[in-house]
Amino acid sequence: MKAFFLPAESYPAQQDKDVAFDPAKEHPQCRFVARYSWLKERLKFDEERLPAIACVDYEEWRQAIGARSATLIFAGAYVNNPASMFGHTFLRLDRSERGHGSNLTSYAINYAAQPWTTNALIYTTLGLTGGFDAYFSVLPFYLQTREYSDLENRELWEYELHLNDDELTRMVAHIWEIQPYSLDYYYFDENCSFHLLSLMEVARPSLELTKQFLFWAIPADTLRAAIEADELVGERLHRPSKRSIMMAKRTRLSAAEVKHAAELGHEPNASALQSIVSLPVARQAAILEAAHALWTLRDFPEKDTVGWSQQLLVARGALKHISEPVLPQSPTPPEVGHGTSRGGISGGIRTGNIPFLQLEFRPALHDLAAPDVGYDEFSQIEFLNTRVRGTLNDDKLDVYLEGLDIINILSLAPFDSWNPAWSWGVSSGLVRIQKDTCPEHGCLAYDLDVGFGGTVKLGPLAIYMLLGGEVVAGPVFENWFRVGFGPSAGLRLRVGELMRLVVHTRYPYPVIGENFPRLLPRSWQDPDVGPWASEAMLSIRLSQNFETRLRASAERSVAEAGLSVYWSW
């Protein structure tokens with residue numbers, strides 16, 4: 001604190017405009033603007049003893065930011081990036097008052113790790129243990145929009161923050177303070193969402209938002225915490241992804257027009273451009289707009305050596321026709337979805353008329369059978385889903401770990417000729433293996449399963465098939481491991497607004513580590529067949545955070561059925 005009273009001459013580099021900006025060479029009043037202002041107000045500094053410091057660099061930066069209001073932004077989950085698979089939040093410092101003008105040139109405040117590896121195992125380990133440095137960055141919002149909405153096709157939700165001038169000034173000053181310095185990044189707790197809450201607390205200390213997140217801070221949960229805070233969050237705006245806009249434009253076309261737009265949007269095709277000139281002007285406009293949306297969605301502008309994007313725009317402009325605005329249907333906002341943490345209790349009966357009771361806990365996030373309100377209906381992301389079971393057999397109670405899903409991801413991409421994509425899944429954790437040498441409840445082993453394939457959507461029904469392999473390790477195997485390859489398939493059926501039916505089956509036929517079993521069973525209870533498994537679940541939504549499920553499963557010679565109740569928070 002004494003440093004605030006040092007004379008300006010103690011920091012000569014600050015007065016020399018030929019010297020590059022260096023936070024360490026700034027006077028403490030300029031280096032820690034927010035702290036200085038807060039301490040000065042609370043401790044009533046002796047004004048006569050305080051040196052008059054001109055914080056030129058800070059003032060120039062503050063004026064360049066030009067913040068007049070602030071907006072909290074939520075980007076939907078992106079399962080192809082480990083750092084964003086649970087969603088992402090950042091702030092925008094708007095140059096205009098709320099609801100006025102475009103904010104694309106405003107500045108976004110983002111907190112993110114700076115990873116130096118793409119190896120999934122190393123990335124996960126360091127991300128969980130604080131092994132990466134993370135920084136607050138200040139970038140134009142249009143660059144963030146391009147990354148999240150255009151390149152990654154993520155829906156953006158904007159929530160205006162009701163901050164008064166003093167609160168906004170304090171937040172901006174604190175961003176100036178912390179911007180040059182790194183923090184240790186922790187994927188689950190001290191992540192992007194947690195530190196954005198701390199920024200809002202700096203602006204309004206009475207909020208105390210971060211106290212709600214002791215062990216993990218999932219972006220959707222931090223968004224709900226901000227919304228539930230008194231008089232903090234105002235209106236909500238949905239900013240659709242580039243893919244959503246393209247799909248909305250495509251829905252205006254007939255089957256023949258879709259074919260025309262595909263020919264124009266997949267590759268430069270002058271003859272296809274000429275073939276639509278006989279159509280009514282309004283239909284030409286709709287085709288060209290959809291074709292241009294498709295071209296830009298596939299990121300061809302980066303490789304557009306023939307200027308095809310420009311040709312499509314010129315052809316559209318020459319029509320001199322004003323089309324009706326295309327507004328994609330807004331999905332349900334993330335805050336109305338179920339909480340990301342989940343507990344559950346299940347009861348049922350398994351082969352041999354053995355009753356069981358099971359307790360479950362999952363810190364995050366969502367599975368295919370859960371209500372998809374506020375979530376992507378074709379994505380499943382579960383972390384540390386833990387199941388502890390008790391069985392009663394001959395009056396003997398056995399309590400054991402039924403399973404632990406360290407990570408379980410399933411990303412289904414329904415086939416679309418305009419924007420084809422792979423469906424894929426990966427799971428890693430502890431599972432129960434059924435073998436003759438195991439007790440009735442099986443043997444515990446580690447399993448890693450990966451698969452790739454495709455998905456077909458038929459109205460409310462989605463059917464998928466993946467081909468992949470698994471590695472299972474544990475003392476149950478003679479050489480401590482088994483390697484298998486084979487298909488897995490399933491379906492997801494939306495039954496009205498409240499029910500979801502999910503069926504999944506897999507058969508990773510062992511090729512290493514186990515004698516080749518019979519390929520096809522004599523009966524479903526044949527113990528000599530390969531390690532097939534099937535499961536069916538019917539989920540019924542009771543409220544935002546409560547659901548019940550009917551479940552039946554079978555594998556090798558064991559089957560079970562039961563009822564589960566889940567609650568989320």
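This is a short chat about a predicted model of one protein chain.

Me: How many helices and strands are in the protein chain?
Reply: The protein chain of this predicted model has 14 helices and 21 strands, and its C-alpha trace spans about 90 × 70 × 45 Å along the principal axes.

Me: And what percentage of the residues count as buried?
Reply: Of the 569 residues in the protein chain, 49% count as buried, while the chain exposes about 27900 Å², with carbon and sulfur atoms supplying 59% of that area.

Me: Which residues have the most contacts inside the largest nonpolar core?
Reply: That core has 73 residues, and the ones with the most contacts inside it are Leu72, Phe86, Leu93, Leu161, Met200 and Leu232.

Me: OK, what does Met200 touch, leaving out residues up to four places away in sequence?
Reply: With those left out, Met200 touches Leu72, Leu161, Met171, Leu207, Leu209, Ala226 and Leu232.

Me: Switching topic, which residues of helix 14 are buried?
Reply: Helix 14 covers residues 308-318, and its buried residues are Trp308, Ser309, Leu312 and Arg316. Seen down the helix axis, these buried residues fall within an arc of 110°, so they line one face of helix 14.

Me: What do those buried residues pack against?
Reply: The buried residues of helix 14 pack against helix 11 (255-266), helix 12 (270-275) and helix 13 (281-297), whereas Gln310 and Ala318, on the other side of helix 14, are exposed.

Me: And what follows helix 14?
Reply: Helix 14 is followed by Lys320, whose phi is positive, near 50°.

Definitions and conventions:
Residues are numbered from 1 along each chain as its sequence is written. This is a predicted model: local features need pLDDT of at least 70, side-chain atom pairs count only at pLDDT 80 or more; totals for chains, interfaces and linings use all residues. Side-chain values use heavy atoms; hydrogens and water are left out. A nonpolar core is a set of buried Ala, Val, Leu, Ile, Met, Phe, Trp, Tyr and Cys residues joined through side-chain atoms within 4.5 Å. Buried means under 20% relative accessible area, exposed over 50%, partly exposed in between (1.4 Å probe, protein chains only). Contact means heavy atoms within 4.5 Å. Helices (H or I, at least four residues) and strands (E, at least two) are DSSP runs, numbered from the N terminus. Accessible areas come from the Shrake-Rupley method with a 1.4 Å probe; for residues, only the protein chains shown count as cover. The arc is that of the directions from the helix axis to the C-beta atoms.
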